[in-house]
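Me: I have not looked at this one before. Can you walk me through it?

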Amino acid sequence: MSAYAHQMEREFSAQNLSSRENTGTELGSHYESGFYMTSFAATIFIGALVAVGILLITLLIALTVMLQSCQSKSSGVVEVQKTSDDYNDCKAFALYAELNSLQADEFPSFCRISAIQYIRAGQYARDLNSTMWLVQNYFSSITPQNDGLDVVLVDIDDILTSNPHQTFLIMYRFDQFGCSDCVEEAKHLKHLLILRLYMKLQASGWPLILLTRKSAREQNATVEHLISTGFSGWASLIMRSDDEVHMDSCDYFSRRRAEMQKDGFRITGVISSHFDALTGPYLGKHVFKLPNAIYYDFEHQIESTYIPKK
């Protein structure tokens, strides 16, 4: 081989070696660069896993809360259905009780609970005030004649204790439902509002005739009780005679109203919370039914029959 050929071979070998060194350097560079990228990616991957874990825990909590809410709503639907059934039963019984003058201790227990709440929630007081406003508004729009024959009949048995033993029995039974004084509070409220109405009608010149289911044999005690509770100046006090003691209350009131009209009296209004005084003939121009704390208004039925004690 010539000297020129040997020189060319040496140059080619040197270039080839240089090329391999460069290639090795590039490969090493690529290898080192790939190592750092993998570490960065791992950091991102771990961070992503943590974020996904947090999201999953949040979703689990949200699902748990939603499930509990759905269960509560389902329970509420059952309770509303039960209350609705009680409402229908008690509403029918309330009308039956009023028409037949049943006592409070004859109510079904779940209806008694609603009767207590009717007083405790303040609905009875609102109904009573509204009715009193209607009565006052009517009588303020008219004027009695000067002959004294335009009369107003007022049932006073709501403010007279007809049977102390029965009143005690009712209070005792209502105490079993967490309201021993509800009945007495209702009676006291009605007494105050009736007395206020009584005084206003009297001041406007209306002759007031008081009605009671009591026997005339109790007249002295009844008069004393009325005066002691603030009532006075009435035109007449109607009580049962001996032959009327066993008479049906509705017939008794109808008979006495007929006698009044026969005597020339003009009955302008009858005020009572009991149907026996507001039914039958000779009722006059207007009748006013006061709400009864025992035969409560079921249109204001409560959402739950549980009544916490105060």
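Reply: What follows covers a surface patch, the aromatic pairs and the charges over rings in this predicted model.

Me: Start with the patch. Which residues make the nonpolar surface patch?
Reply: Phe45, Ile46, Leu49, Val50 and Ile54 make a nonpolar surface patch of about 510 Å².

Me: Where is valine 50 found?
Reply: Valine 50 is in helix 1, which covers residues 3-99. Its relative accessibility is 47%, so valine 50 counts as partly exposed.

Me: Now the rings. How many aromatic pairs does a search of the whole structure find?
Reply: Seven aromatic pairs turn up. One of them joins tyrosine 138 and phenylalanine 139, edge-to-face, at 5.0 Å centre to centre with 75° between the planes.

Me: Are tyrosine 138 and phenylalanine 139 buried or exposed?
Reply: Both tyrosine 138 and phenylalanine 139 are buried. Tyr138 and Phe139 also form one aromatic cluster with Trp206 and Phe288.

Me: Why is the pair of tyrosine 198 and phenylalanine 231 edge-to-face?
Reply: Because the planes stand at 75°, and over 60 degrees counts as edge-to-face. The ring centres of tyrosine 198 and phenylalanine 231 are 4.9 Å apart. This pair links distant parts of the chain, 33 residues apart: tyrosine 198 is in helix 5 (residues 182-203), and phenylalanine 231 is in the loop between helix 6 (219-228) and strand 3 (236-240).

Me: What is the relative accessible area of tyrosine 198?
Reply: It is 3%, so tyrosine 198 is buried. Phenylalanine 231, at 1% relative accessibility, counts as buried too.

Me: Last topic. Which ring does the charged end of arginine 240 sit over?
Reply: The ring of tyrosine 252, at 4.6 Å from its centre. The charged end of lysine 289 sits over the ring of phenylalanine 275, 5.5 Å from its centre.

Terms used:
Residues are numbered from 1 along each chain as its sequence is written. This is a predicted model: local features need pLDDT of at least 70, side-chain atom pairs count only at pLDDT 80 or more; totals for chains, interfaces and linings use all residues. Side-chain values use heavy atoms; hydrogens and water are left out. Patches are made of residues with over 30% relative accessible area and no salt bridge: like charges are joined within 9 Å, nonpolar side chains (Val, Leu, Ile, Met, Phe, Trp, Tyr) within 5 Å. Accessible areas come from the Shrake-Rupley method with a 1.4 Å probe; for residues, only the protein chains shown count as cover. A salt bridge is a side-chain nitrogen of Lys or Arg within 4 Å of a carboxyl oxygen of Asp or Glu. Helices (H or I, at least four residues) and strands (E, at least two) are DSSP runs, numbered from the N terminus. Buried means under 20% relative accessible area, exposed over 50%, partly exposed in between (1.4 Å probe, protein chains only). Rings of Phe, Tyr and Trp (its six-membered ring) pair if their centres lie within 6.5 Å; planes under 30 degrees apart count as stacked, over 60 as edge-to-face and the rest as tilted. A charge sits over a ring if NZ of Lys or CZ of Arg is within 6 Å of the ring centre and within 35 degrees of the ring normal.
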